[in-house]
Amino acid sequence: MATDTDEDVLIGGETDVDRERTGNAVVNWMENLSEAAYAYLLLLPAFALLTLIAFYPLLATFVTSLRADRTRGLEPLGGFVGIDNYVDILTGNARLARQFVDVGLSGSFPFVELGTPLLQQALFVTIGFAAISVFLETLIGFGQAYVLDQEFRGRRWVRVAIILPWAVPIVIQGMIFFLLFQPEVGFGTELGQWLGIFGPNPLANSRDAFVIILVADVWKSSAFMALLILAGLQSVDRSLYDVARVAGASPWQRFKLITLPLVMPALLVAMLFRTMDAMRVYGLIESSVGCTTVPSLTCLVVEAMFGGTRIYATAAAVAFATALVIGLIISGYVVFFRDTEGGLY
């Protein structure tokens with residue numbers, strides 16, 4: 001009498017024995033992988049998802065940036081123009097409200113003559129904002145984390161007070177600083193004039209408005225830096241400090257030789273995340289001082305896409321160029337992080 005297994009074999013089906021052998025072969029193959037190869041295998045689904053939601057839109061943006069703008073007709077894009085859009089935004093010939101960068105070569109080359117004030121150029125505004133804000137937030141956040149890492153009464157309430165600004169939505173944050181520096185409404189304008197920092201209407205002046213968004217961003221994002229740095233501080237083995245005290249190390253020596261090297265990986269990760277976020281700044285600017293006063297790269301993209309000009313290809317070029325700048329900055333962080341891990345200190 002023929003069994004079910006015999007019938008499976010007769011009709012060419014896979015038996016339980018075959019399936020078991022296949023499963024054992026897969027398990028044996030995975031067990032023979034190196035640790036690095038096994039780690040990449042586990043990360044493969046994440047890489048596939050990242051390719052789908054990140055790299056494909058980036059590639060589509062680049063393809064769009066290689067076509068011409070078409071402001072009339074039903075078709076939003078024209079024919080293939082290559083890198084003409086990138087040349088236009090780098091030379092100041094693109095039809096943008098505020099220039100990406102406006103560079104003209106003078107007769108005394110290689111000196112470069114900038115035809116537009118730096119704070120009216122989106123590239124310099126974005127990079128300057130990211131550099132200054134991340135620097136200040138790192139210093140303030142490190143100080144806050146260092147205080148919170150100590151034992152004292154009321155530490156829980158101090159943590160809540162430090163974290164509270166981070167919980168404020170960006171739009172609410174922007175409106176707070178808009179009203180704070182609105183002439184005849186908030187006291188920020190009078191205080192700034194008394195200190196000699198601001199003019200009579202700081203929200204309409206690019207330099208004053210740039211300072212305002214810096215203050216607003218530092219007020220909110222220092223808490224984020226403090227939380228990440230605090231996690232790094234609390235992972236330090238406390239016995240190292242006891243040994244250092246017995247050896248006669250001063251507080252500065254303990255900080256330089258123990259705290260800073262061990263917290264550096266967490267510090268660099270915090271700076272990396274904040275830099276990427278600062279390079280994409282838009283909501284804070286638009287809700288407080290306005291993109292017309294302090295333009296960022298993201299402001300240019302939004303204006304080109306939704307400002308009524310329909311220059312989609314140029315907007316795609318600015319967006320892709322912004323991604324390239326952020327990618328270069330991330331690469332710099334990764335290289336520095338690797339050197340630090342290797343024992344820079």
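One member, Ile53, has its place in helix α3 (residues 35–65), where helices (H or I, at least four residues) are DSSP runs numbered from the N terminus. Ile53 is exposed, because its relative accessible area is 57%, and the cut-offs are under 20% for buried, over 50% for exposed and in between for partly exposed (1.4 Å probe, protein chains only).

Residues are numbered from 1 along each chain as its sequence is written. Because the model is predicted, local features need pLDDT of at least 70 and side-chain atom pairs count only at pLDDT 80 or more, while totals for chains, interfaces and linings use all residues; side-chain values use heavy atoms, with hydrogens and water left out.

From the surface we turn to the interior. In soluble globular proteins, nonpolar side chains tend to be buried together. A nonpolar core is a set of buried Ala, Val, Leu, Ile, Met, Phe, Trp, Tyr and Cys residues joined through side-chain atoms within 4.5 Å, and the largest one here has 45 residues, of which Ile213, Ile229, Ile285, Val289 and Val294 touch the most other members. Two or more residues of this core come from each of α5 (122–148), α9 (206–234), α11 (251–279), α12 (283–288) and α14 (312–341), and α9 gives the most, with 13 residues. Apart from this core lies another, of 19 residues, including Leu66, Phe100, Val101 and Ala317.

Ile285 leads on to the next feature, since, leaving aside residues up to four places away in sequence, Ile285 touches Ile213, Gly290, Cys291, Val294, Ser296 and Cys299, contact being heavy atoms within 4.5 Å. Two of these residues, Cys291 and Cys299, form a disulfide with their sulfur atoms 2.1 Å apart, the cut-off for such a pair of cysteine sulfur atoms being within 2.5 Å. The structure holds one disulfide, and this link is left-handed, with -55° about the S-S bond. Cys291 counts as buried because its relative accessibility is 13%, and Cys299 is buried because its relative accessible area is 4%.

Charged side chains complete the picture. A salt bridge is a side-chain nitrogen of Lys or Arg within 4 Å of a carboxyl oxygen of Asp or Glu, and by this rule the count comes to seven. Asp217 and Arg274 meet in one of them (2.7 Å, N to O), a pair that links distant parts of the chain, with Asp217 in helix α9 and Arg274 in helix α11, 57 residues apart. Both Asp217 and Arg274 are buried. Arg274 also forms a salt bridge with Asp277, the closest N and O atoms being 2.7 Å apart; because Asp277 and Arg274 are three residues apart in helix α11, about one helical turn separates them. Asp277 is partly exposed, with a relative accessible area of 34%. Glu137, Asp217, Arg274, Asp277 and Arg280 are linked in a network of salt bridges.
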